[in-house]
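Reader: I have not looked at this structure before. Could you walk me through some of its residues and spaces?

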Amino acid sequence: MAVLIKNARILIRDNQTQLVDVLIEGGRVVALAETLQETADTVINADGALLTPGLVDVHVHFREPGFAYKETILTGSQAAARGGFTTVLAMPNLNPVPATVEAFKFVQAKNLEDGQVHIEQYGAISAELTSVEVSDLTALAEAGAIAFSNDGKGVQKASTMLLAMQTAAKLGKPLVAHLEDESLVKGGVMNAGTQAQKLGLPGIEPLAESAQLARDLMLAYATGVHYHVAHLSTKESVALVRLAKAQGVNVTAEVSPHHLLLDESMITADNALFKMNPPLRTATDRAAVLAGLLDGTIDMIATDHAPHSESEKQGGFVGAAFGITGIETSFQLMYTKFVKTGIATLEQLLNWMNRNAIDSFNLNAPSQIMVGMIADLALFDLEHAHEIKADEFLSKGKNTPFIGSEVYGMTKATFVNGQLVYQAKK
């Protein structure tokens with residue numbers, strides 16, 4: 001089945017684009033020119049929308065198995081397609097945790113069966129994400145684990161992390177760290193500081209992140225492992241990664257859209273939609289992670305898409321679940337807040353949301369529009385404003401404070417292996 005996309009804009013460099021027609025057949029782009037006259041089974045008029053390689057997110061939570069009331073692989077991947085993502089890496093905080101080959105293969109099969117986009121699966125560093133015993137990482141790698149993580153929990157023992165790094169290094173697999181020293185969290189629900197004091201809420205020390213990061217960077221230097229830092233959020237953490245890169249540590253890092261756009265000063269009431277882990281930090285921290293992204297210290301943007309049920313986010317911070325949904329809004333928010341304002345170029349944004357993730361995790365995904373590429377593609381409307389509305393979400397999770405925001409860059413269509421998996425309603 002052939003698909004012809006007419007009048008699409010593709011990026012040339014920075015913010016420069018040109019109009020093209022694109023022909024898709026057999027799951028690949030087979031022709032690309034200013035004008036194509038070929039016939040096709042389906043013709044889509046892009047009307048000048050931006051055509052890009054499908055976005056890549058290295059940090060999502062699709063909740064199944066174990067927590068399907070929050071999200072399923074089907075709804076999560078449908079949401080990903082609506083966001084313009086064609087490849088995602090799914091975290092292992094599931095039930096059962098994919099710390100064994102049996103549990104891993106179960107979720108891997110479900111990803112393949114129900115996924116509307118390409119889903120790569122993390123294996124767990126240790127059982128239940130808390131055990132001091134390292135999983136059989138070799139067996140998990142042979143079963144297809146893209147990388148290893150205990151996301152949702154910090155690895156508390158240095159000896160556990162050292163052994164995991166040594167094994168991951170031998171396997172040539174990234175090890176992805178959720179940084180959280182539990183002895184410094186002490187039941188906190190938001191960033192420790194003046195805003196927490198004003199609201200009368202227990203705070204989480206920023207050191208809970210940066211102290212564990214400092215430990216891990218020393219271990220990564222000793223082992224040579226590819227060490228990837230999840231959802232970096234503090235100025236101290238940015239400085240540590242910057243120094244480690246200068247010293248030759250094989251480290252990459254991600255930042256989430258909410259840590260780029262929000263800070264604790266915006267939490268003016270006890271509203272659990274602002275409760276996330278790591279928590280929203282200070283305005284100084286927010287400026288530091290943006291600076292780190294712009295100067296290359298931070299390599300990519302990852303959503304940490306973490307859907308929850310409505311009841312789990314009702315009420316105040318204490319007792320509510322940590323997390324924010326984001327895969328349907330991330331490109332739109334980043335384009336609106338950073339590219340349209342001139343802080344970053346479109347080319348930089350696509351590097352942060354596609355190319356750098358592909359390169360860092362050695363993914364089989366396209367990073368350039370060209371003949372022969374796998375037809376994992378997304379069309380974005382950069383010209384028309386849109387209000388983010390909860391009732392439009394395909395994710396089960398509506399837990400985001402960005403509802404009501406006006407954005408540009410809504411997804412018009414998404415293709416995976418040349419198949420149309422999402423198309424916006426006209």
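Reader: Where does Asn7 lie, and is Asn7 buried or partly exposed?
Author: Asn7 lies in strand E1 (residues 3–13), where helices (H or I, at least four residues) and strands (E, at least two) are DSSP runs numbered from the N terminus. Asn7 counts as partly exposed because its relative accessibility is 33%. Buried means under 20% relative accessible area, exposed over 50%, and partly exposed in between, with a 1.4 Å probe and protein chains only.

Reader: How should I read these values?
Author: This is a predicted model, in which local features need pLDDT of at least 70 and side-chain atom pairs count only at pLDDT 80 or more, while totals for chains, interfaces and linings use all residues. Residues are numbered from 1 along each chain as its sequence is written, and side-chain values use heavy atoms, with hydrogens and water left out.

Reader: What is the phi of Asn7?
Author: Phi of Asn7 is near 60 degrees, a positive value in a residue other than glycine. Asn417, which is not a glycine either, has a positive phi of about 50 degrees. Asn417 is found in the loop between strand E20 (410–416) and strand E21 (419–423), and it counts as partly exposed because its relative accessibility is 36%.

Reader: Which peptide bonds are cis?
Author: The bond from Glu64 to Pro65 is cis, with omega near 10 degrees. Pro65 sits in the loop between strand E6 (55–60) and helix H1 (73–82). Asn95 and Pro96 are also joined by a cis peptide bond, with omega about 5 degrees. Pro96 belongs to the loop between strand E7 (85–90) and helix H2 (101–114).

Reader: You mentioned H1. How many of its residues are buried?
Author: Eight of the ten residues of H1 are buried, so the helix is largely enclosed by the rest of the structure. Among them are Ile73, Thr75, Ala81 and Arg82.

Reader: What do they pack against?
Author: The buried residues of H1 pack against E7, H2, strand E8 (118–121), E20 and E21; contact here means heavy atoms within 4.5 Å. Just after H1, Gly84 takes a positive phi of about 95 degrees.

Reader: Let us change topic. Where is Lys275, and what is the nearest side chain of opposite charge?
Author: Lys275 lies in the loop between helix H9 (257–261) and helix H10 (283–294). Lys275 is buried yet has no salt bridge, and the nearest side chain of opposite charge, Asp270, is 8.4 Å away. A salt bridge is a side-chain nitrogen of Lys or Arg within 4 Å of a carboxyl oxygen of Asp or Glu. As for charge, Lys and Arg count as positive and Asp and Glu as negative, while His and the chain ends are not counted.

Reader: Which residues does Lys275 touch?
Author: Not counting residues up to four places away in sequence, Lys275 touches Val189, Lys313, Phe317, Gly319, Ala320, Ala321, Phe322 and Gly323. A polar atom of the Lys275 side chain lies 2.5 Å from the backbone oxygen of Ala320.

Reader: And Asn150, is it buried or exposed?
Author: Asn150 is buried, because its relative accessible area is 2%. Asn150 is placed in the loop between strand E10 (148–149) and helix H4 (158–171). Its side chain reaches the backbone nitrogen of Ile125 at 2.9 Å.

Reader: What volume has the largest pocket?
Author: The largest pocket has a volume of about 700 Å³. Of the 26 residues that line it, the closest to its centre are Thr411, Lys412, Ala424, Lys425 and Lys426. E20 gives the largest share of the lining, four residues. A volume is the space filled by probe spheres set on the grid points, which are joined across faces, edges and corners.

Technical notes
A polar contact is a pair of N or O atoms within 3.5 Å; within protein, one must be able to donate a hydrogen and the other to accept it, and residues adjacent in sequence count only if both atoms are side-chain atoms. On a 1 Å grid over the protein atoms alone, a cavity is a set of points where a 1.4 Å probe fits but cannot get out, and a pocket is an open set with protein on both sides within 12 Å along at least five of seven lines; lining residues have an atom within 4 Å of a point.
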